[in-house]
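Here are my notes for you on this one. Have a look at the picture first, then go through the points with it open.

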Amino acid sequence: AVLLDWVCRRLEAEEGGDAMVPVDLPEDNEGRLVMLQQYLNRREVDFFACADEDVAGEIPRGLMLAAVLPRSEPNEAVIVKAAGASSLEDLPAGAAVCVSCERQRLQLLARYPHLQVEHSNAALQTQLRRLHSGDYDACVTSAAGLYRWGFSRASAGLQLLDVCKVMPAFGQGVVGFVCRATDEATLRFLKGLDDPTARSCVEAERELVRRLELLGGSVAGGLAQLRPDGQVHLQCVVARPSPDAPTITLLERVFALEDTQKTAREMAKEWAGQMVQSMLSDMATKQDGRRGASTDADADLESDSDSEESSDESKVLPPFNDAEQRVQADEMDTAGVTCYEGVVATVFPNGSGALVDVNSEVPARWHPEKEANGDGQVLRLGSEVSVYCCRMQRHRLLAFSEQPPRLLQRGTGERLLLEELKPGEGPFRAVVISRTAAGVFVDFNCEVAGRLVGPRSHSRGEELRVFCLAANTSLGTCTVATQRQEKAPPRKRLEELVAGADTCFKGTVRRVTGHGALIDFNAEAMGYIDALDIDIDALPDGLIVGHEVTVFVTSTDVTRRRVRLSMFRPRSASVGGWRQ
């Protein structure tokens, strides 16, 4: 098995195993999973270990979390080295505190605004070395990570932080084993290592992670604990950056194990409502400040106090436009027939889209359509708009400024359920209803719109026939293509790629960033294509998620598991791995 070194020592001590193979893995989660999945697919290993946030994340298709070891310490820990201080409360104003992630930074800033909190991507050893050299007054990191490096509860200066101060990451302190879902022999072996208590808690956290929608730089952490009466206590903290101070939202439930999915769905809906309410409140505060700069300060304080009390009394976002109550997402007209009046609650960076409050329990996502002339509509924060809706996921709405093209119904007209769809099934009649940077969506008479992937661009209103590529019932999404997908060949190893060679690869755009895009070209790691390496003549509207493109490898870094791509044929070979 491919395992982390400290897991090797643990299992060898318990099981007496001799086939433990520690390996150096890429730093990013996605790169690690892709690399380890290749080991499994090539039958070089039977299973691998993952820890902390990797356990709570999405497991690649064809693999499964076969066993979860008993949970270690899930809390965060702090090591204080400032003179005369033994805790974060004792640190003076301006004291420097090092953290390893944005989740820790936002929570500490909200609770200890007098501290200077610095987010460092350096390795734990480097952070601790800088702490002892005086660069920092304290260091906050996971207790489980410290224990793995030889620290103990009795270590000098080490204190555990209660979850009410800093909520840990989902899956923190957990070690899980992943294997092929069809490997019955390995599944039987790992079943003996599975801890039912840790498994129940991890599954609750994983379900919530799948459903939470984090926007505007929000980050989340959570912890599930099994109570003596057999019920699960699930806590979640969502931190959102703000110009004044980060806002912290606490979600908490106690429920029976069989209600895990239902509870996670309710918590995700509660967060969505509070997120929109907070954004609308911020927007209203800015507007009131501009209109009433000369109003009496005491009246403002009294009004703020009243609004806070009403917010505490009701967790539900109040309806607007004289409506008695908000409409549930399942009751919204998602066929694109009804025109809804809404308010822009938030605007995404770089004009990439917005959230529109349409008086539903969840906001509707809006993205500017790719027009023929390249000029798309831009929504302003707080503006009133009229939109039409469809369902891009079971509990997520997609908004349109214009009525979407309709698919001519035949037969009964009853929409297909995700549970009924199988990969390769089709063809289905479809019409393109949306074409944005977020992807191309089609209506093929399913309960949710299908995300279209393929080698060519499609115009809005174009009719075509599609095949089902994948239907994710847990996320409520569906991916389709105009051709039935053949069985994918094994992914290429990075060592086999030749930088600067005149060899082209077919790839699919998986993510578009402000400076380029990530391309899946069937290798162990996704490749990055810079904006200057995108052929704007072939793609005048830019890259869209789901587009199939032809790329060339310009440089590779096997050690760091990185690949640079270009849509242009290389003129000369690269020197020394990275392009010179």
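1. Quick heads-up before anything else: this is a predicted model. The protein chain has 580 residues, and 48% of them are buried. Its accessible surface is about 29,000 Å², with carbon and sulfur atoms supplying 48% of that.

2. How much secondary structure is there? The protein chain has 10 helices and 28 strands. As for contacts between residues at least 6 apart in sequence, 65% join residues at least 24 apart.

3. Reading across, the order is 7-6-8-5-9, and the pairing is mixed. As background, strands in a sheet pair through backbone hydrogen bonds, in either a parallel or an antiparallel way.

4. Which strands stand at the edges? They are strand 7 (116-119) and strand 9 (158-161); each has a single partner strand, so one side of each has no neighbour in the sheet. From one strand to the next, the twist averages 25 degrees.

5. Zoom in on strand 7 and its pairing with strand 6 (residues 96-99). These two run parallel and are joined by four bridges.

6. Helix 4 (residues 102-111) lies across strand 5 (76-80), strand 6, strand 7 and strand 8 (138-142), and it runs at about 170 degrees to strand 7. Helix 5 (residues 124-132) also lies across strand 5, strand 6, strand 7 and strand 8. Its direction is at about 160 degrees to strand 8.

How values were computed
Residues numbered from 1 in each chain as written. Predicted model: local features only at pLDDT ≥ 70, side-chain atom pairs only at ≥ 80, totals over all residues. Heavy atoms only, no water. Buried < 20%, exposed > 50% of the residue type's maximum accessible area, 1.4 Å probe, protein only. Contact = heavy atoms within 4.5 Å. Areas by Shrake-Rupley, 256 points an atom, 1.4 Å probe, with all protein chains shown as cover. Pairing = 2+ DSSP bridges. Axes fitted to C-alpha atoms, helices over the stretch in contact; angles between N-to-C directions.
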